[in-house]
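Subject: Structure handover

Hi,

Here is the structure we talked about. Please open it first, then read the notes below.

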Number of protein chains: 2
Amino acid sequence: MNQKHDFKTIGTRPLRQDARDKVTGQARFGDDVTLPNTLYGAVLRSPHAHAEIVSIDTSKAQAVAGVKAIVTAQDFPRLRPGGPGDIANDNLAVDRVLYHGHGIAAVAAVSLSVAEAALKLISVRYKVLPHVLTIDDAIKPGAPCLHERLALDGQPANVYERIEEQFGDVDRGFAQADIIMEREYATPTVHQGYIEPTACLASFQADGLSSVWSTTQGHFPLRDSIALMCGMQTSELKVIPTEIGGGFGGKTAPYLEAIALMLSKLSGRPVKMRMSREEVFRCAGPGAASRSRIKIGVRRNGRITAMQAQLFYESGAFPGAPLGGGVRSIFSAYDVENASIEGFSVLVNKPRIRAYRGPGASQACFAVESLLNEICTVLAMDQIEFRLINAIRDGGRNIGGSFRELGLVACLEAAQSSPHYKSKLGPGQGRAVAAGFWRNGGGLSSASIHLHRNGFASVLTGSADLSGTRMSLEMIAAETLQLPIEHVHAEVADTESVGFTGVSGGSRTINATGQAVTRAALNIIDQLKERAASGWNVTPDQVTWREGEVRNNTRDESLSLKDITRLAPGTGGPISASASASPPAGEGPCFAVHICDVEVDKETGRSSVTRYTTIQDAGMAVHPAYVEGQYQGGAVQGIGWALNEEFVYDDQGVLQNPGFLDYRMPVTSDLPMIETIIVEVPNSMHPFGVRGVGEAPIIPPLAAVASAIGHAIGKPVTRLPCSPDEYPSDHSRRRKRSGMTAKKRQQRY
Amino acid sequence: MNQKHDFKTIGTRPLRQDARDKVTGQARFGDDVTLPNTLYGAVLRSPHAHAEIVSIDTSKAQAVAGVKAIVTAQDFPRLRPGGPGDIANDNLAVDRVLYHGHGIAAVAAVSLSVAEAALKLISVRYKVLPHVLTIDDAIKPGAPCLHERLALDGQPANVYERIEEQFGDVDRGFAQADIIMEREYATPTVHQGYIEPTACLASFQADGLSSVWSTTQGHFPLRDSIALMCGMQTSELKVIPTEIGGGFGGKTAPYLEAIALMLSKLSGRPVKMRMSREEVFRCAGPGAASRSRIKIGVRRNGRITAMQAQLFYESGAFPGAPLGGGVRSIFSAYDVENASIEGFSVLVNKPRIRAYRGPGASQACFAVESLLNEICTVLAMDQIEFRLINAIRDGGRNIGGSFRELGLVACLEAAQSSPHYKSKLGPGQGRAVAAGFWRNGGGLSSASIHLHRNGFASVLTGSADLSGTRMSLEMIAAETLQLPIEHVHAEVADTESVGFTGVSGGSRTINATGQAVTRAALNIIDQLKERAASGWNVTPDQVTWREGEVRNNTRDESLSLKDITRLAPGTGGPISASASASPPAGEGPCFAVHICDVEVDKETGRSSVTRYTTIQDAGMAVHPAYVEGQYQGGAVQGIGWALNEEFVYDDQGVLQNPGFLDYRMPVTSDLPMIETIIVEVPNSMHPFGVRGVGEAPIIPPLAAVASAIGHAIGKPVTRLPCSPDEYPSDHSRRRKRSGMTAKKRQQRY
């Protein structure tokens, strides 16, 4: 599907510069930085899901040989609730623990074993409070309330946010419908499952610049949060991003960094902290559970007349539910005249939710796309034909916003003509299609470019590289400067070395940071023109930049970039440029269409994905191999979410499966090769037509897998994961979930 | 002497941001960086002063458990002689060892002890060659020749460079003189004596960016040298400067870095290397020994009619003598019509010379200022009066160049009216004055400034901070941006994070990098004006920047820098600027006048400095405390050079005093408080009037101390150090130097 362009570098597949280091273990991740005299920190965590902290006595722990500092929330500035105040309260509880695993105190000692031994000597008195673990329980009148201050409508409640969106008149729409279908759906709490646990090293410096090394998706926002939490100015703190072993939205806030920095301040030594895998599962912001009710009306010809949704997202112990992502995306793929959405965010005594790839959209898409597929069955209509009838097109406007050029129809057509969709299903197999939408992020990004004397270029950006964005940004610089890719090196710069740049998330990086890089490169070209013009004694408007050269329009001569950098010492000094960009979110919206085939074992109820194809509009695939990787990685995460993954809590709010043995993510041997089709409908708001590609691939799989299983077993699947318990089938081992522990259930697979 | 300015920050004395870390041991120097799996490297060094390498057998060393890589010169690209080729050959000998301690092979192993054990198993066969250790021996016909390729006039010789400078007609000048005096002088090889031995960590990365951490005065030139030596592009290598525990010119080239990087490449692991103190003395470029003959003619009225000099500098085993520094400065303080200089650089079988603060000038100044003081004695003329008669003044032109505004006369007048000069000498004491000149460096510098949302600024430069330049550059940025100093943080950026910047040396940093910072700040101000103007719907020329605010000229409103940064996300994104500067050397020439009192013990010949004052033109003292520190530090180093310091070789070319016990540098208890007077004659070529201050303070002390001793003992001192052996006195223990070993001589003190 790759369209032809005049690009020399963009659209090619150069080897990524971090690949060898990552596969040979030489890349430096969060735990790989050490300083002389480093201490090791550990966190005491709550054994209760909800309790008042009556007192904390650290005196025995303080007396342990090798313990150099202990902190509790009392050692930090008391911030207002919300934002960094909530993060601080989540890192180390202020007055009250709100979930099992909530941090209470931290120790820095000469070794981790000393620190852990000291933790056991910290004596905490609690007054245990009743807790709530589910949306249903949390919204009941009289439910235990997590944050009284978040009362909506004057009533203390765990619903702290409600969003309503209207478009057209749903009552009229449903009145026009021939068929109306309505169903409830549920998705569990899931974890991003990044391989690298969160880790950091902090070194406080009294007069100078304190340093924090962290594996993070956004070192600038992280710096700002840590500084506020520790009562510092942002200019007193430098955050240096390490390589990051996966984030997927989960590494967008400090978990340990502010604690480590305060321990470093108190001890006068660097402090290293890292979470165990168990801590990651128990405390490091998972993806939100959801409940939803969808109602859709259609005419017999397949035209949707009305769509209605009620969405609930779990937020965990602090506000943070991805309700906006759900509301903005749930109906955005369709050209529908009448729609309404009502959404709620609900606090429960579980860890605070963090973003998980396309946050909120997968859960919403699961519901609406599943119901649409049911409607197709009722209408006896092909799932792609049906979507083509209703798909939003260029210039369309719906509840998700108004759109310029859009790739949904192109994706649906590509899906329709794909070998996969034309293939036949085997016995016991089911197939389904689902579409997903992500509006894509914008926001603040900065970039600097420094030219070397030999004509090479260093490109600095502030975007943490989750997925190869360094290389793609390098390619954008190379393309703009007309340099061979080998002559450009892009690096993720620390917070002192480049301007403010937002978090790497929401598919914003190649959009926003790509624009900053392009601007910096264009500024470089302006300078090249000025230098050349000055040498030729002409004005900059008498020269032209073409094919990597500045050409003199007044006579036949030219200077290459390299010629100009070689002469730069004598023409004003080295050539550098800094630039920033701040595009609004939603400028490059993106659609994905997935096709899923499954086979369900009639004896055991086990479902296997037998074939899977992702079709997605990349706008312009800067590095097609990375784009394919994003499509595949997102699809696999979504398949895991659909088939296996869930947080299982006991009735005391204790997570029962905090590890990869019991929290089952799909591995290579579980899956077929994920097929990919890159569609390219350029985004006219980006200099290279790019649309972000990171989020959309995880949005359709929940519905695609569940509908395919529904197709295979002849019944809709409405609760995830698609455990055999959850759907009626003819196998004999079906049991109620409540009758089994998580461990036992896992063992069945 | 501080003149009044309107500056808010420049001229104040804020606390330096690195002070606390440095005094509490938290600052991170070259040896303080570690990575997982780091290996330790060690170098096998030549036991001969001059020998052919017949063969190197590393097989036994390779077989040692824990040895991961071994390199010799054969493992590196063979570079052309000169520049990086010479550095490579100096780091690891190609075919021939040229001095005792010359590197031959290096081992990387799991520990330093394993590496050192393996070194002993490397078998090297040599063919020993005759060697030369002194200028006199090296220039004799038939002397052993170090580099045949460097023949001057077709004759293989150890003189590889000859400079002649003429001004006026010296024969006519001497004919006009009433008195002509001529004398020979000699100064020894000395060491910069930095506290921190050279150290680095190298991590080779095959596809990405290799990293080297190093304690260096210039990480950009270091990067370029290492890249060339290792056969890489500069864009494949990042050099990260650590804090530097002194350099003084000695840390301006790779000693271990390329070796460590190649060992890292071969072993696939990071490699740390550091020199022992003994290695530093034996191998890490000391300051040049010199011999000179000076002839000066004067009239009875004190007017100099002619000056003539013949200068010889030792270069060690490779070209590198600071002849240019000597030639440019020797007569530059004086308005003389007739002068001639002939200078020679001479190779000897000793370590390659590196710069030592004001390179070449101290040696030359010792000779000319000593002779001028002798002439004052003959003329019975006050040393300052005499110099005032001959001092070069604004607009003057002599053999050193042509000058704009100059501070020599102001410095002499300040010296004349100083309490020190008006004080009386005690019995056995002597006093002398000496003037010194340094033209000050220019060259390439880059800077970037990134504004934070809260209106704070991060300032990045590429200049290694030897002496507090970070703070001074921070002050320049704060002054230009009209920000409080607490709102600005300057940092030394690595080679990827800012544009190319030359070595910190030659008193160039606050000149050149200060100009780059100023330009970046002015660019920031332009952007602030554009942002504000755009918000007000006026053009940028309708607004004014004044007192930290952009003011709207069309109506009464203004926006502070902080207002604009707060709004920046919505007005185009974060605000950053990058700029460079490339001022020519010599734009801000600098003079220093020193007054020295000494007391000589008649029994032992021991000399003590009893009072010492430095008077120097700073142009504008950005941070007066740092400027005073430079004056004091340079004076102390010069006093040590004059009184005690010298490399003592045996006849086999083996350094006998490679340690601080036997190489005696002055410590605090040896000296009185060094008094300082800052003169400020602004340099019109610098935005803040700055002249570099780092070099000049070390230039007068050799002559000031030696002449003061000469005054005390009634005989000129013409050889340094001023050991009692070297000058006639009435004490009874005088012996010939050749009759004693270094150890014995040291013990006498």
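How many residues of chain A are in contact with chain B, and how many of chain B with chain A? The count is 57 residues on the chain A side and 57 on the chain B side. Keep in mind that this is a predicted model.

**The interface**

Between chain A and chain B, about 4600 Å² is buried. Carbon and sulfur atoms give 45% of that area. On the chain A side, the residues that lose the most area to chain B are A:Arg28, A:Glu496 and A:Pro574. Together these three make up 13% of what that side buries.

Now the polar side of the interface. There are 29 residue pairs in polar contact between chain A and chain B, counting pairs with both residues at pLDDT 80 or more. The rule also finds two salt bridges across the interface. One of them links A:Lys238 to B:Glu491. The closest N and O atoms of that pair are 2.3 Å apart.

Which elements of chain A supply at least two residues each to the side that touches chain B? Here is the list:

- Helices: H1 (19–24) and H16 (509–536).
- Strands: S10 (210–214), S19 (445–451), S20 (457–461), S21 (488–492) and S25 (576–581).

Strand S25 of chain A gives the largest share, with five residues. By class, the side of chain A that touches chain B holds 15 nonpolar, 27 polar and 15 charged residues.

**Chain A overall**

Chain A has 20 helices and 28 strands. Its radius of gyration is 27 Å, and the globule rule gives 27 Å for 749 residues, so chain A is as compact as a globular protein of that length. Along the principal axes, the C-alpha atoms of chain A fill a box of roughly 85 × 75 × 50 Å.

**One sheet to look at**

Chain A contains an open sheet of three strands. The order is S4-S2-S6, and the pairing is antiparallel. Which strands sit at the edges? They are S4 (96–97) and S6 (123–128) of chain A, and each pairs on one side only. Strand S2 of chain A covers residues 51–57 and is joined to S4 by two bridges. These two strands run antiparallel. In this pairing, A:Ala51 of chain A has A:Val97 in S4 as its bridge partner. As background, strands of a sheet pair through backbone hydrogen bonds, either parallel or antiparallel.

Best regards

Methods:
Residues numbered from 1 in each chain as written. Chains lettered and ligands numbered in written order. Predicted model: local features only at pLDDT ≥ 70, side-chain atom pairs only at ≥ 80, totals over all residues. Heavy atoms only, no water. Pairing = 2+ DSSP bridges. Helix = DSSP H or I, 4+ residues; strand = E, 2+ residues; numbered from the N terminus. Contact = heavy atoms within 4.5 Å. Buried area = accessible area lost by both parts, 1.4 Å probe. Salt bridge = Lys/Arg side-chain N within 4 Å of Asp/Glu carboxyl O. Polar contact = N/O pair within 3.5 Å; in protein donor to acceptor, adjacent residues only side chain to side chain. Nonpolar A, V, L, I, M, F, W, Y, C, P; charged D, E, K, R; others polar. Rg over C-alpha atoms; globule rule 2.2 N^0.38 Å.
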